[in-house]
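Open the model in your viewer and keep the sequence panel beside it. This tour says what to select at each stop and what is to be found there.

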Amino acid sequence: MKHFKSILANGCVFSTVITLIASVVALIVDRAEGLFKEVSLPVSQFLVILAFSFLIAAANRILTVRRMHAALRLLIHYAALLVSFLFIFVLAGNLKITGADSIFIAVFLFTVLYAAAMAIVLSLLSALGLFGKGKKGRKATAEPYKNRF
């Protein structure tokens, strides 16, 4: 139940952030180009973003498994998000896949966005001192064991 609540809460946060970013980008483009009559997000598009946000939150649980090497966790996380992205947005009709070239472009753009997002997240975590501290790097909080006998 704890994991489900975490996925639900994180999915809602991701959904809010993605919707906010999409709205700000649409507003900037509208101000610059005047392409849109109104800057709005249909309910169907919001539900697609919400579904993808819950999948992001579920995939982030992979990153908490400390028994795997960090590179393997990132690779599994990337693959899970790539498949989720392609499945959700192709199924919803937001991506028109017509051949191998459109699949390549979608995978390439997703990979670039994923790499940029992970670079930002990992640099923030390392700046805060939360990244790279495994069992070896952590300081012991309790006193070391002293033999009484």
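**Before selecting anything**

This is a predicted model, in which local features need pLDDT of at least 70 and side-chain atom pairs count only at pLDDT 80 or more, while totals for chains, interfaces and linings use all residues. Residues are numbered from 1 along each chain as its sequence is written, and side-chain values use heavy atoms, with hydrogens and water left out.

**Stop 1: the whole protein**

Show the protein as a cartoon: there are 4 helices and 0 strands, in the order α-α-α-α from the N terminus. Helices (H or I, at least four residues) and strands (E, at least two) are DSSP runs, numbered from the N terminus. Of the 149 residues, 17% count as buried. Buried means under 20% relative accessible area, exposed over 50%, and partly exposed in between, with a 1.4 Å probe and protein chains only. Contact means heavy atoms within 4.5 Å. Among contacts between residues at least 6 apart in sequence, 61% join residues at least 24 apart.

**Stop 2: helix α1**

Select residues 2-33, which are α1. This helix has 32 residues and reaches 46 Å from its first C-alpha to its last, close to the 46 Å expected at 1.5 Å a residue. The expected span is 1.5 Å times one less than the number of residues. Colour G11, S15, T19, A26 and D30, which are buried in α1; the buried residues of α1 pack against α2.

**Stop 3: helix α2**

Next select residues 43-60, which form α2. Its 18 residues should span 26 Å, and the end C-alpha atoms are 25 Å apart, which agrees. Buried here are V48, I49, F52, S53, I56, A57 and A59. These buried residues pack against α1, α3 and α4 (100-128).

**Stop 4: α1 with α2**

Show both helices together. Their axes are 8 Å apart and the packing angle is about 130°. Axes are lines fitted to C-alpha atoms, for helices over the stretch in contact, and angles run from 0 to 180 degrees between N-to-C directions. That angle makes α1 oblique to α2: under 35 degrees counts as roughly parallel, over 145 as roughly antiparallel, 65 to 115 as roughly perpendicular and the rest as oblique.

On the α1 side of the contact, look for residues including I7, G11, F14 and I18; on the α2 side, residues including F46, I49, S53 and A57. The residues of this contact divide into 12 nonpolar, 6 polar and no charged. Ala, Val, Leu, Ile, Met, Phe, Trp, Tyr, Cys and Pro count as nonpolar, Asp, Glu, Lys and Arg as charged, and the others, Gly among them, as polar.

**Stop 5: α2 with α3**

Among the meeting residues are V48, F52 and L55 in α2, with L81, F85 and I88 in α3. The residues of this contact divide into 11 nonpolar, 4 polar and no charged.

**Stop 6: N60**

Finish at N60, in helix α2. Is N60 buried or partly exposed? At 22% relative accessibility, N60 counts as partly exposed. Leaving aside neighbours within four places in sequence, N60 is in contact with F14 and H77. For a distance label, pick N60 and A80: 20 residues apart in sequence, they are 9.6 Å apart in space, C-alpha to C-alpha.
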